[in-house]
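Morning, everyone. I have one model to walk through. Please have the view open.

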Amino acid sequence: MFNQHAAVNLLDYYTTIEIIISLFIAGLLALVYKNIHYSKQRKRNSYWSLGLLLIINLIEWTSVMLDGFSGQYRIWLVINKFLNHSLIPFLGYFVIHIWVRHSKYDRLLAVLLPGNVLFQLASIATGWTFSIDQNNYYHQAVITTFISLSALS
């Protein structure tokens, strides 16, 4: 969580980093476009995954900017966090399909991805993966923190 009232405004640094990341993704999109070795299908999958990464990047930046603003922006912060937590698994799905055409896990993913969207929808009311407090600050839930820590170890 950024302190928006600090002497050095970290949001400016965060915005600069997000702009650099977005320009990097745009450069990758240009490289995919110019690549003559990729098939049309691989290029299409690359466009989808890089475009989705760009959208997720924009959603994350917007979420950070809305964090702690007055209650009138609460619904937008909730929508951004829902989209962020829902779209990241789809990004993984697209990346897998760039390198592995069809796998035995397609049926499992066809169940897990919509299941994750439903789980994130339920989380808005239950706070399983994230919550927004009365001051409109975003908090990760215990389950998300546990998963993140177990992935690091």
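Which ring does the charged end of arginine 42 sit over? The ring of tyrosine 38. The distance from the charged end of arginine 42 to the centre of that ring is 5.5 Å. Keep in mind that this is a predicted model.

Next, the helix α2. It covers residues 40-66. That is 27 residues. From first C-alpha to last, α2 reaches 38 Å. At 1.5 Å a residue, 39 Å is expected, so the span is close to expectation. Just after α2 comes glycine 68, with a positive phi of about 90 degrees.

Now charges. Side chains of opposite charge can pair when their charged atoms come close. How many salt bridges does the structure hold? It holds 1. The partners are glutamate 60 and lysine 81, and their closest N and O atoms are 3.4 Å apart. This pair links distant parts of the chain. Glutamate 60 is in α2, and lysine 81 is in α3, residues 74-99. The two are 21 residues apart.

Is lysine 81 buried or exposed? Buried, at 4% relative accessibility. The cut-off for buried is under 20%, so lysine 81 qualifies.

On to aromatic rings. A pair of them is described by the distance of the centres and the angle of the planes. The structure holds 1 aromatic pair. It is formed by phenylalanine 119 and tryptophan 128. Centre to centre, the rings are 5.3 Å apart. The planes make an angle of 20 degrees. Stacked means under 30 degrees, so this pair is stacked. How accessible are the two residues? Phenylalanine 119 is partly exposed, with a relative accessible area of 30%. Tryptophan 128 is partly exposed too, at 41%.

Last stop, strand β2. It runs over residues 138-140, and glutamine 140 lies in it. At 43% relative accessibility, glutamine 140 counts as partly exposed. Where does phenylalanine 130 sit relative to glutamine 140? In sequence, they are 10 residues apart. In space, the C-alpha atoms are 4.5 Å apart.

That is the tour. Over to you.

Terms used: Residues numbered from 1 in each chain as written. Predicted model: local features only at pLDDT ≥ 70, side-chain atom pairs only at ≥ 80, totals over all residues. Heavy atoms only, no water. Salt bridge = Lys/Arg side-chain N within 4 Å of Asp/Glu carboxyl O. Helix = DSSP H or I, 4+ residues; strand = E, 2+ residues; numbered from the N terminus. Buried < 20%, exposed > 50% of the residue type's maximum accessible area, 1.4 Å probe, protein only. Phe/Tyr/Trp six-rings, centres within 6.5 Å; stacked < 30°, edge-to-face > 60°. Lys NZ or Arg CZ within 6 Å of the ring centre and 35° of its normal.
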